[in-house]
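Hello,

Here is the structure I promised to pass on to you. Please open it and keep it beside you while you read my notes below.

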Amino acid sequence: MAEPLPPLSLYIHTPWCVRKCPYCDFNSHEPERSELPETAYLGALLKDLDGDLTLAAGRTIETIFIGGGTPSLLSPAFYSELFSAIRQRLPFAADIEITLEANPGTTEQGRFIGYREAGINRLSLGVQSFHATQLEALGRIHSGQEALQAVEQARKAGFDNLNIDLMHGLPQQTPAQALEDIEQALALSPEHLSWYQLTLEPNTAFFSHPPTLPEEEALWDIQEAGHQQLEQAGLHRYEISAYAKPHQQSRHNLNYWQFGDYLGIGAGAHGKLTTIDQEGKWHIERRWKTRQPDAYLRRANDLRGFIAGKQLIHMDELPLEFAMNALRLTDGVAMDKWTRHTGQPEAVLLKRLQSAHEKGLLMEMPENLRASPQGLLFLNELLALISNE
């Protein structure tokens, strides 16, 4: 009997934001007009999805994640119509998780209520910091007080599954301020907290004009103290930069890390789809869509469709593809998934693991492929050892 296909998720990209942050390398653009082209974008998204349906026929969508940009710039009515139209094309799981990214300062009570009524049941708030100095340095459009108000409004609207995004290692940030941000976030009792260090990515304003960041020693102190603070509060680390209460992990992100499938629609969205041929062999394809919003909208009337590129993952690339996702999880993955997802015997992996074990980058768990705390810190080195012959 052929192996079942991986679970299927859907990623929807919203490419607009009020103002481009200097650290952001995502596909986000300040709109040229005061009103966003909601009707045109809705039509384009559905045509985009129609172009991918042959790869997802008969499959159920387990999770949806709406990222950006700033998805909360689009109205609740937009999402209500969108979900209704998607349901006509693909079935939703009975317990589907639907996440919307929202930025404080772009929402109010009425919108949160509308999003909840549209079917969105998980909210991810891009707070980043509660300190005015750091928010200004990051180019954020909200204040710390507005972040607190956004959480209160979300709770009143009925959201009982809430993520807060926080960054550390920020310009002019002291270790005490970084831990104060965590303390303030914990006081809001989020079900999930994404906590990650600021990195200077290419093609960003910060990369071209780097700000002064905390020294390496201070960064280590923040990382260690923050981790302990979150764990003691009952938010347990399950991925390199993600903490959650029990049973509140992001199912959508877990599907990524466990090498599941996902459709990607919207300007610049990426997808990964698996098909099985008549011989029972898996074929995995990555595809990505036109990035620029105006160009994406024009593609709605173009016979070429929305695909900007696609690539089949070759067998010799699968070990790295699988490991670079799975090893982000603190619990790792079962060893038998290695063969299932890479087509290579477990003996090949065990041979490659010897050096990683000797360097202390892997936990001694023969049934699991799991990075040690040191391995999570030096993940690139660990991946190199696993992926190389």
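This is a predicted model: local features need pLDDT of at least 70, side-chain atom pairs count only at pLDDT 80 or more; totals for chains, interfaces and linings use all residues.

**Aromatic rings and their neighbours**

A search of the whole structure finds eleven aromatic pairs. In one of them, the ring centres of F259 and F322 are 5.8 Å apart and the planes stand at 85 degrees, which makes the pair edge-to-face, because over 60 degrees counts as edge-to-face. This pair links distant parts of the chain, with the two residues 63 apart. You will find F259 in the loop between α9 (251-257) and β9 (261-265), while F322 belongs to helix α11 (residues 318-326). F259 also has a charged neighbour: the charged end of K272 sits over its ring, 4.3 Å from the centre.

Now have a look at Y296 and F306. Their ring centres are 4.7 Å apart and their planes are at 40 degrees, so this pair is tilted. Here too the pair links distant parts of the chain: Y296 lies in helix α10 (residues 293-298), and F306, ten residues away, lies in the loop between α10 and β12 (307-312). Both Y296 and F306 are buried.

Which residues do ring pairs join into a cluster with Y296 and F306? They are W16 and Y41, giving a cluster of W16, Y41, Y296 and F306.

One last thing to find on your screen: R116 lies over the face of F159, at 5.9 Å from the ring centre.

Happy exploring, and write back with any questions!

Best wishes

How values were computed:
Residues are numbered from 1 along each chain as its sequence is written. Side-chain values use heavy atoms; hydrogens and water are left out. Rings of Phe, Tyr and Trp (its six-membered ring) pair if their centres lie within 6.5 Å; planes under 30 degrees apart count as stacked, over 60 as edge-to-face and the rest as tilted. Helices (H or I, at least four residues) and strands (E, at least two) are DSSP runs, numbered from the N terminus. Buried means under 20% relative accessible area, exposed over 50%, partly exposed in between (1.4 Å probe, protein chains only). A charge sits over a ring if NZ of Lys or CZ of Arg is within 6 Å of the ring centre and within 35 degrees of the ring normal.
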